[in-house]
Amino acid sequence: MEPQHLISIKAALQEKRAPLYRSIVRWTWRLLAGSLLAVIILFLSISFSAIPSFRELEDPSSALASEVLANNGEVLGRYFIENRVPVAYEDLSPHLVNALIATEDERFRQHCGIDAKAVARVMFRTILMRDQSAGGGSTITQQLAKMLYSDRDFAGMGKFQKTLKLIYMKLREWITAVKLERSYTKEEILAMYLNQFNFINNAYGIHAASEVYFGKSQADLSLEEAALLIGMLQNPSYFNPVRFPERAMKRRWIVLYQMYNNGFITKEEFDRVKVIPPDMSRFKRVNFTDDRAPYLCAELKKDLARILDAPESRRPDGSKYNIYKDGLRIYTTIDPVYQQHAEAAMQEHMKKLQERFFQVWKNRDPWAYRTGDTSPKEIEIRKESLWDRVRESERYQNIRPQFFDAITKRVQQKYDFELRDADIKRMLEEEKTAGALSKMITDGYVTPEQASVYRRIMNGPEWSEIKTQYRALQAAAKKAFDTKVPMAVFSWDSPNFEKTVVMSPMDSLRYHRMHLQAGILAMDPSTSEVKAWVGGIHFKHFQFDHIRTDRQVGSTFKPFVYATAIAQQHISPCFSVYDQPVTIPARYQNFTNITDWTPKNATNSYSGARLTLKEALKNSVNSISTYLMKQMGDTEPVRGLCNNMGIDSSLGPNGRYRIPKQPSICLGVADLTVWEMTAAYATFANKGVYGTPYVIREIRDKNGRRIYSSLPEERPALPPNANYVMLEMLKYNVTGAPGVNTLKSEVGGKTGTTQNQTDAWFMGVTPRLVVGTWVGGEDRWIRFTTLSDGQGSRMARPIFAGFISRLEKDPNSGYDFNARFVRPPGDLGIETNCANYTDGAAPPTRDEEFYPDNYKDIYNDELDEERAVPGKKKRPDDTFGDQIR
């Protein structure tokens, strides 16, 4: 028996702790009551405020297409959910209904939207026991409810925020499911679910899926076909039967077994059907390329995603608009007449250009072609790039699962890493050359985390199998891509730009990559409105847009250098400079080049003649551009002007400047887009004022409510007098130019040709329209072999000339070819008439700081002749060389 004194001590302790116990009990009840009240309030809040309309579920056709409209209201293109036809429950194949219930929701007929047993199983086995094979707990009704919401974006959220949002979404899903069960019969819910599901490959709903994958009505589906489609419901991309037939067959086996297990089919039917391989011979993807401006519409999707993501462009309830369902009207600045003429001019010229290109490359291989400075490494890069295109193809992706499904799954489970071909190539490179991964990290191609996983895999038991399977995959792909098959290819000679041939996939790939591409953007300089957008030669076969693609700009950049000199020093276009080698020493003044830099002219020679600036610009003389850059002593004046003209010169997110801080920018080494260059040149045509280009004028919802309106911005970039002088120089550039010299419009412009004729440009300006034109290959070795064929005046300028000519000849275009550039009032302060100008520049001497590389003494004779001319007034800008530092 316990001693009395111990009993007394315990009693005293209990009495002392009693208030604490009572307090704990009270707070426990309060927390429970508060939590229950919070849950009730949350349920009520969701129930009354967060549940959308079920109208779209009832009638999928109620989803309205969003239209892209031209400036006259004509439809340029549409964004909409294609190929969807709703099917009533009584018309559904019994195989589909039975397979759906057996696989996705065995107790569908018994529950009221939420399966309590399934929820308990998920909480116990998946959450507590960490058993990932326990299956999900969502009913068919809950999965249907999920389709009403599009806010499953957890980007930027921490773990706690993500957990709270998941809890909220699950509660909302349960409430929506219960409401659906109260509003519709079980049969209606089944039909709505199958009608709503996206089976990918432009197959929305079960009706379209049956036609796309099997070429038949859903009512005619066989048991194994119905089971395969139902198997896709878990993850249509992962179980895509076209790309991953083995995965799809395994998933179909599970569906069939569930049907047998639930009594929908017999053991004999199960055994007979489970071994039948999927027959995808009738698969036919539906494509839609009927838009009048397909490149524009494809690129606008990116702009629309950004615009509609902004809080001010959302619905009143804060949810995002869906361009495929919500019937938005996107009003653009595109003029359909301009668009038509731009495309026609492009097609007329590119057909001739391509014919010449094939003549030049007949019996030659661009992927193996060598010049004097072509390294073996470059040839290797070219050929590997061709195989990169192979690996991106659907044909290759359909072959890959046969070799990598099993090993990819094991790598995913063990390393939490999705194994791609690019990853395997990097690991092989590291195995071949130790330290390759470290260099990739330094160059920014691989993150340290990626490299760590690579090394773990390479040290693991899976690496040997990965290499074996990769080699087998490459061999199988090579065989498939070398086998000739009938196919449709692009052709300029066919009325619909397509012809049927028998060709190997590899030859088809090379054939299409050898087609020259074009990018044309037309912009009204006074309003900054984009009038025409041609992103490529034919959207169906070449879907890559070239308006916002970085390409080296070449001599089209030089007017920015000249404009800077003119604006800062009032230098005359009649000022003359010797065409001789110019060296910018290492770290000269504020330059950052680490070695002496002496660029060559395109002809690799120097005339030794004195050239006026306007002559030098017209002929793209590199030595003169280098001279001007050297006088500035810094790249910042030019980079600053470009920034004012809409070309961002700040440090980019990749740690690089779009316009490098190197003197070589004066020759056009920067990679810029047609969009940027057109907007910058529009500044010249707009009195030196830069206007931000825009193509979307406004967006309205289906009820006419404005949800976005563009706000064009303008800023001064060049003084009006310096700008007008640049216009005069641009006009002089095209004097006598074929095609341009017959135009009625006042025209200026500049051609550009990059090293090895990789890129050809022409930037054309008129008072009412500025047109940027780029022509080149998608691969930079797809080019002409000579400057005579590949220069901008041959490849790009004819498109501009043809475009403007068509506008001038079309009385319905509205284009004003009588418009003229307006000279600023008063004295320009810069002499533009070379007949009234005397250049007092001194001859090269050893004391002349700006002529460290004396060329020839022949200049003295020319200077003596010029000095002997009486009656000419010397202008202050003759001391330009001494003034700029």
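1. The model discussed here is a predicted one.

2. The buried residues of α3 are L96, V97, A99, L100, I101, A102, T103 and E104. The list includes T103 and E104 as well as L100 and I101. Their packing partners are helices α5 (140–146), α7 (186–196), α8 (205–214), α9 (223–231) and α10 (245–261).

3. Helix α10, one of the helices that the buried residues of α3 pack against, also holds Y260. Y260 has a relative accessible area of 30% and is therefore partly exposed, since that class lies between the limits of 20% and 50%.

4. Y260 also belongs to a nonpolar surface patch, together with W253, I254 and Y257. The area of this patch is about 350 Å².

5. Is F481 buried or exposed? The residue sits in helix α20, which covers residues 462–481. Its relative accessibility is 4%, so F481 counts as buried, the cut-off being under 20%.

6. Which residues does F481 touch, leaving aside those up to four places away in sequence? They are V390, S393, R395, Y396, S504, P505 and M506. For one of these contacts, M506, the C-alpha to C-alpha distance from F481 is 5.1 Å, with the two residues 25 apart in sequence.

How values were computed. Residues numbered from 1 in each chain as written. Predicted model: local features only at pLDDT ≥ 70, side-chain atom pairs only at ≥ 80, totals over all residues. Heavy atoms only, no water. Buried < 20%, exposed > 50% of the residue type's maximum accessible area, 1.4 Å probe, protein only. Helix = DSSP H or I, 4+ residues; strand = E, 2+ residues; numbered from the N terminus. Contact = heavy atoms within 4.5 Å. Patch = residues over 30% accessible without salt bridge, like charges linked within 9 Å, V, L, I, M, F, W, Y side chains within 5 Å. Areas by Shrake-Rupley, 256 points an atom, 1.4 Å probe, with all protein chains shown as cover. Salt bridge = Lys/Arg side-chain N within 4 Å of Asp/Glu carboxyl O.
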